[in-house]
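Morning, everyone. Let me put the model up, and then we will walk through it.

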Amino acid sequence: MKMSKRNIESLRFKEVFTIWKQLGVNNGYIATNHFFFKYAVNRDLKVIILEFIQCLKEENKQLEKLLKENGVLAPPISIDQGNLQIAKMRGKAAINDSEISAILSMNIASSLISVSQAMDMSFESSLTTKYSVFHMKYAILGAKLIELSNKKGWLLSPSST
């Protein structure tokens, strides 16, 4: 069933629900990553956090546009935590970088899985293409985080358990 009779190319209910859900999850991740940024000490980790926030915001912008074009309101956004700049913030000891890295990797993996599922459910080829771009960005970001975690010794090898 189509959402709008005015627009032949409108999104199906499943696609609208998936986009709406993804926007809500992304907004939560953006807020969480602002917290992580404030407490991270490692500069490279802060860069990855900023890249993840940028990917999420870029995805949200495109998904909100799709919803708007189909007459659906986007979920409410979280409060913006201000401009994050690496030079102005010093990490604090409330949570350490290895913990931030572990949680961040789970969040990136979750975003990657969500985008993969949304790509699988999409009927419109343009939506599938958008999701494939998001998928690649999250995969690359995840690889960067794994490389950093390995270099810093934050990754536990299977033999150490």
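Where does Asn42 lie? Asn42 sits in the loop between helix 1 and helix 2. Before I go on, some ground rules. This is a predicted model, where local features need pLDDT of at least 70 and side-chain atom pairs count only at pLDDT 80 or more, while totals for chains, interfaces and linings use all residues. Residues are numbered from 1 along each chain as its sequence is written, and side-chain values use heavy atoms, with hydrogens and water left out.

Back to Asn42. Its relative accessibility is 13%, so Asn42 counts as buried. On this scale, buried means under 20% relative accessible area, exposed means over 50%, and partly exposed is in between, with a 1.4 Å probe and protein chains only. What does Asn42 touch, leaving aside neighbours within four places in sequence? The partners are Asp97, Leu148, Lys152 and Trp154. Contact here means heavy atoms within 4.5 Å.

Now the overall layout. The chain has four helices and zero strands. Along the sequence, the pattern reads α-α-α-α. Helices are DSSP runs of H or I with at least four residues, strands are runs of E with at least two, and both are numbered from the N terminus. The chain has 161 residues, and 37% of them count as buried. Take the contacts with a separation of 6 or more: residues 24 or more positions apart account for 77% of these.

Helix 2 covers residues 43–69 and helix 4 covers residues 125–152. They pack at an angle of about 170 degrees, with their axes 10 Å apart. The axes are lines fitted to C-alpha atoms, for helices over the stretch in contact, and angles run from 0 to 180 degrees between N-to-C directions. Helix 2 and helix 4 are therefore roughly antiparallel. The cut-offs: under 35 degrees is roughly parallel, over 145 roughly antiparallel, 65 to 115 roughly perpendicular, and the rest oblique.

Who meets whom? From helix 2, the residues include Leu45, Ile48, Glu51, Phe52 and Cys55. From helix 4, they include Tyr138, Leu141, Lys144 and Leu148. By type, the residues of this contact divide into 14 nonpolar, one polar and eight charged. Nonpolar covers Ala, Val, Leu, Ile, Met, Phe, Trp, Tyr, Cys and Pro; charged covers Asp, Glu, Lys and Arg; the others, Gly among them, are polar.

Leu141 is found in helix 4. At 2% relative accessibility, Leu141 counts as buried. Leaving aside neighbours within four places in sequence, Leu141 contacts Ile48, Glu51, Phe52, Cys55 and Ile108. Leu141 and Ile49 are 92 residues apart in sequence, and their C-alpha atoms are 9.4 Å apart in space.

Then Lys144, also in helix 4. Lys144 counts as partly exposed, at 36% relative accessibility. With neighbours within four places left out, Lys144 is in contact with Ile48 and Glu51. Lys144 and Leu45 are 99 residues apart in sequence and 9.6 Å apart in space, C-alpha to C-alpha.

On to the rings. How many aromatic pairs are there? The count is five. Rings of Phe, Tyr and Trp (its six-membered ring) pair if their centres lie within 6.5 Å; planes under 30 degrees apart are stacked, over 60 edge-to-face, and the rest tilted. Take Tyr29 and Phe52. Their ring centres are 6.1 Å apart and their planes are at 40 degrees, so the pair is tilted. Tyr29 lies in helix 1 (residues 13–39) and Phe52 in helix 2, so the pair ties together parts that are 23 residues apart in sequence. Tyr29 is buried at 13% relative accessibility, and Phe52 is buried at 0%. Ring pairs link Tyr29, Phe52 and Tyr138 into a cluster.

Last stop, Asn33, in helix 1. Buried or exposed? Asn33 is buried, at 0% relative accessibility. Beyond neighbours within four places in sequence, Asn33 contacts Ile49, Phe52, Ile53, Leu56 and Leu104. Thanks, that is my tour.
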